[in-house]
Amino acid sequence: MRFSRTIPQPDRSTMLGTVMEQAHTTRPPLWAYLGTVVFTIMVPGSVVGLVPYLISRWALKPPLFGLGLTRWIGLGIFVIAVPPFADFLGRFVREGHGTPAPIAPTRRLVIGGVYRRVRNPAYIAVIAMLVGQALFFGNLDLFEYAFAVAIGFHFFVILYEEPTLRRTFGRDYQDYCRSVPRWVPRLRPDDRGDQR
């Protein structure tokens with residue numbers, strides 16, 4: 001089964017219609033690239049960079065549990081989270097022809113790459129980066145922050161994001177939800193994402 005539903009044809013007589021028409025071309029529009037860069041600096045940059053800095057000043061405290069190994073584990077977790085996060089950003093532009101920002105969403109349902117394993121890879125990657133920092137810096141306040149962010153992500157997903165995607169992409173999104181889990185990645189990727 002292919003997931004191919006897109007937003008209905010735009011009104012070509014308006015400026016918004018012209019922008020939406022660009023989103024339906026095979027090449028992503030320039031605004032999708034620029035919007036994604038701005039979004040990444042403003043939102044994930046704040047959540048993963050600025051706020052953890054303000055909490056910890058990125059000062060190394062004694063390793064958690066007195067084990068220096070926790071620093072290396074934290075660094076590993078952080079580094080492992082970067083590629084899925086980068087894949088998410090790239091797919092929103094290249095596959096979805098939009099941005100991660102709710103004010104400029106994708107025009108196509110994004111189901112390829114890391115989205116074949118889990119529906120919310122960006123949120124999982126952000127939480128992993130926060131937990132990685134907490135372990136690396138030995139800072140329990142960062143763990144509390146990561147927990148609060150995870151709860152916020154969960155409620156955002158179930159109260160806003162999923163209902164919006166259901167309304168926008170209908171049956172394609174419902175089929176995708178039945179095939180790919182929300183939070184716990186599948187070991188074997190769903191093969192539908194390769195058909196796009």
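User: What makes the pair R178 and D175 a salt bridge?

Analyst: A salt bridge requires a side-chain nitrogen of Lys or Arg within 4 Å of a carboxyl oxygen of Asp or Glu. In R178 and D175 the closest N and O atoms are 2.3 Å apart, and the pair therefore meets that limit. This is a predicted model, in which local features need pLDDT of at least 70 and side-chain atom pairs count only at pLDDT 80 or more, while totals for chains, interfaces and linings use all residues. Residues are numbered from 1 along each chain as its sequence is written, and side-chain values use heavy atoms, with hydrogens and water left out.

User: Where do R178 and D175 lie, and how do you know whether R178 is buried or exposed?

Analyst: Both R178 and D175 belong to helix α6, three residues apart, about one turn of the helix; helices here are DSSP runs (H or I, at least four residues), as strands are (E, at least two), numbered from the N terminus. Buried means under 20% relative accessible area, exposed over 50%, and partly exposed in between, with a 1.4 Å probe and protein chains only. R178 has a relative accessible area of 61% and is therefore exposed, whereas D175, with 7%, is buried.

User: Which other salt bridge does E162 form, and with which residue?

Analyst: E162 also forms a salt bridge with R182, where the closest N and O atoms are 2.8 Å apart. Because E162 lies in helix α6 and R182 in the segment after α6, the pair ties together parts that are 20 residues apart in sequence. R182 has 27% relative accessibility and therefore counts as partly exposed. Elsewhere, D87, R91 and E95 are linked in a network of salt bridges.

User: Why is the aromatic pair of F88 and F92 called edge-to-face?

Analyst: The structure holds nine aromatic pairs. In the pair of F88 and F92 the distance is 4.9 Å centre to centre, with 70° between the planes. Rings of Phe, Tyr and Trp (its six-membered ring) pair if their centres lie within 6.5 Å, and planes under 30 degrees apart count as stacked, over 60 as edge-to-face and the rest as tilted, so F88 and F92 are edge-to-face. Both residues lie in helix α4 (residues 69-94), four residues apart, about one turn of the helix. F88 is buried, with a relative accessible area of 6%, and F92 counts as buried at 16%.

User: What makes the pair of Y173 and Y176 tilted?

Analyst: The ring centres of Y173 and Y176 are 6.3 Å apart and their planes stand at 45°, so the pair is tilted. Y173 and Y176 are placed in helix α6 (residues 140-179), three residues apart, about one turn of the helix, and both are buried.

User: Which residues do ring pairs link into a cluster, and which residues touch the most other members of the largest nonpolar core?

Analyst: The cluster joined by ring pairs consists of F85, F88, F92 and Y115. The largest nonpolar core has 27 residues, of which F85, F88, Y115 and L130 touch the most other members. α4, α5 (121-137) and α6 each supply at least two residues of this core, and the largest share, eight residues, comes from α6. A nonpolar core is a set of buried Ala, Val, Leu, Ile, Met, Phe, Trp, Tyr and Cys residues joined through side-chain atoms within 4.5 Å.

User: How do you know whether S56 is buried or exposed, and which residues is S56 in contact with?

Analyst: S56, in helix α3, has 7% relative accessibility and therefore counts as buried. Leaving aside neighbours within four places in sequence, S56 is in contact (heavy atoms within 4.5 Å) with F137, N139 and L142. A59 lies in the loop between α3 (44-56) and α4, and counts as partly exposed at 36% relative accessibility.
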